[in-house]
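Subject: Structure handover

Hi,

Here is the structure I promised to pass on.

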Amino acid sequence: MKWVLAAIVMLWSGAALAAPIRVMILDGESAAAYHDWPVTTQVMKRELQDAGIFDVTVVSAPRSDSADIAAFDPGFEKYQVVVWNYDAPDWPAALKTKFETYMRNGGGLVVVHAANNAFPDWPAWNEMTGLGGWRGRNKAAGPHWYFENSKLVSDDEPGPAGMHGKRLPFRMVTRAPDHPIMRGLPERWMHMGDELYAHLRGPGRNMTVLATAWSDPANHGSGHDEPMAMALRFGKGRIFHTTLGHDAWALSGVGFMTLLQRGTEWAATGHVTQKVPKNFPTADIASYRADLAAMDPAIAGNGKPK
Ligand code: ZN
């Protein structure tokens, strides 16, 4: 009898392990026309599906300035992680409370690029993201966070939050090699042409900076090593935040894909089971070109950085 029970338990836990991770990609809005979210959602959906461990549902919110937003309830609790490809200025209080409760109870959140521009006046959102930019953020949002002499530092000087230069390729530097998301990644690797977000401000609480990139003053940069990937906690919830990913081009490097897949798994479960792909880019300035071969030709042909 005992071994029958043990076999049942083993079968049950095996089935549970094999069940795909339930992912919601939330989209539906961007400030002005800066971000083509219908396209970037499709790129990220495919990248997550390619990992083979996620069950991905896209939820598009009604516009936050429409009457429909009052009745919007995406059912966060049905998902293990929400990938936020969404930038709205504000939400009704009840909706904010729903998401805060989901996160405090152990939900997962992945913040991609301009999602950190959203909700400047929602304290819990700013705590979850750690850092944000634009939409009127200034000194009141928190200090500017960056790396100096291999350490995370903060600067409380007054001024706006958020800047970037032209979309050139740049080098990522791993800062937390023992974090599950970063384990096995090279110390330095090239990222595709993308907006390098700099001078972001925020509370920076419960935040581990996983990777930085140098913001070059010759390309309208800050002259600092700026946070590019972070892991955060909010209540029992886990957050993976990357400032990378302006457009389909920027999303299509093997480096970004790997971070998205691993960051989403970690935010959902606290573990990373995926292997680092063999064609992961190196620190060689030319290595990001290898990524182009792995890209969808339609994206490689149409999304060249400006
Ligand atoms: Zn952008």
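Asp 156 comes out as partly exposed, with a relative accessible area of 44%. Its side chain meets that of Lys 139 in a salt bridge, 3.4 Å from N to O. This one links distant parts of the chain: Lys 139 sits in the loop between helix 4 and strand 5 (144–148), while Asp 156 is in the loop between strand 6 (151–155) and strand 7 (168–174), 17 residues apart. Lys 139 is partly exposed too, at 39% relative accessibility. Keep in mind that this is a predicted model.

A search of the whole structure gives ten salt bridges. Another one to look at is Arg 63 with Glu 29, where the closest N and O atoms are 3.7 Å apart. Here as well distant parts of the chain are linked: Arg 63 is in the loop between strand 2 and strand 3, and Glu 29 in the loop between strand 1 (21–27) and helix 2 (37–50), 34 residues apart. Arg 63 also has a salt bridge to Asp 65, at 3.1 Å from N to O. Put together, Glu 29, Arg 63 and Asp 65 are linked in a salt-bridge network.

Arg 63 is partly exposed, at 43%, and Asp 65 is exposed, at 60%.

Next, the metal site. The zinc ion has four protein donors, namely His 35 (NE2), His 113 (NE2), Glu 195 (OE) and His 246 (ND1), lying 2.1 Å from it. Along the chain the donors follow the spacing H-x77-H-x81-E-x50-H. His 35 lies in the loop between strand 1 and helix 2, and Glu 195 in the loop between strand 8 (188–194) and strand 9 (207–214), so this pair ties together parts that are 160 residues apart in sequence.

Why is the zinc arrangement irregular? The four donor atoms subtend angles of 91 to 162 degrees around the ion, and a tetrahedral label would need every angle to lie between 85 and 135 degrees.

Finally, the aromatics. The structure holds 20 aromatic pairs. One of them is Phe 76 with Phe 99, an edge-to-face pair at 4.9 Å centre to centre with 65 degrees between the planes. Phe 76 is in the loop between strand 2 (54–60) and strand 3 (81–84) and Phe 99 in helix 3 (residues 93–104), so the pair ties together parts 23 residues apart in sequence. Both Phe 76 and Phe 99 are buried.

Trp 84 and Trp 125 make a tilted pair, 4.7 Å centre to centre and 45 degrees between the planes. With Trp 84 in strand 3 and Trp 125 in helix 4 (residues 123–129), this pair ties together parts that are 41 residues apart in sequence. Trp 84 is buried, at 0% relative accessible area, and Trp 125 is buried, also at 0%.

Cheers

Note on methods. Residues numbered from 1 in each chain as written. Predicted model: local features only at pLDDT ≥ 70, side-chain atom pairs only at ≥ 80, totals over all residues. Heavy atoms only, no water. Phe/Tyr/Trp six-rings, centres within 6.5 Å; stacked < 30°, edge-to-face > 60°. Helix = DSSP H or I, 4+ residues; strand = E, 2+ residues; numbered from the N terminus. Buried < 20%, exposed > 50% of the residue type's maximum accessible area, 1.4 Å probe, protein only. Salt bridge = Lys/Arg side-chain N within 4 Å of Asp/Glu carboxyl O. Donors = N, O, S within 2.8 Å, 3.2 Å for Na, K, Ca; no water. Tetrahedral: all angles 85-135°; square planar, octahedral: opposite > 155°, others 65-115°.
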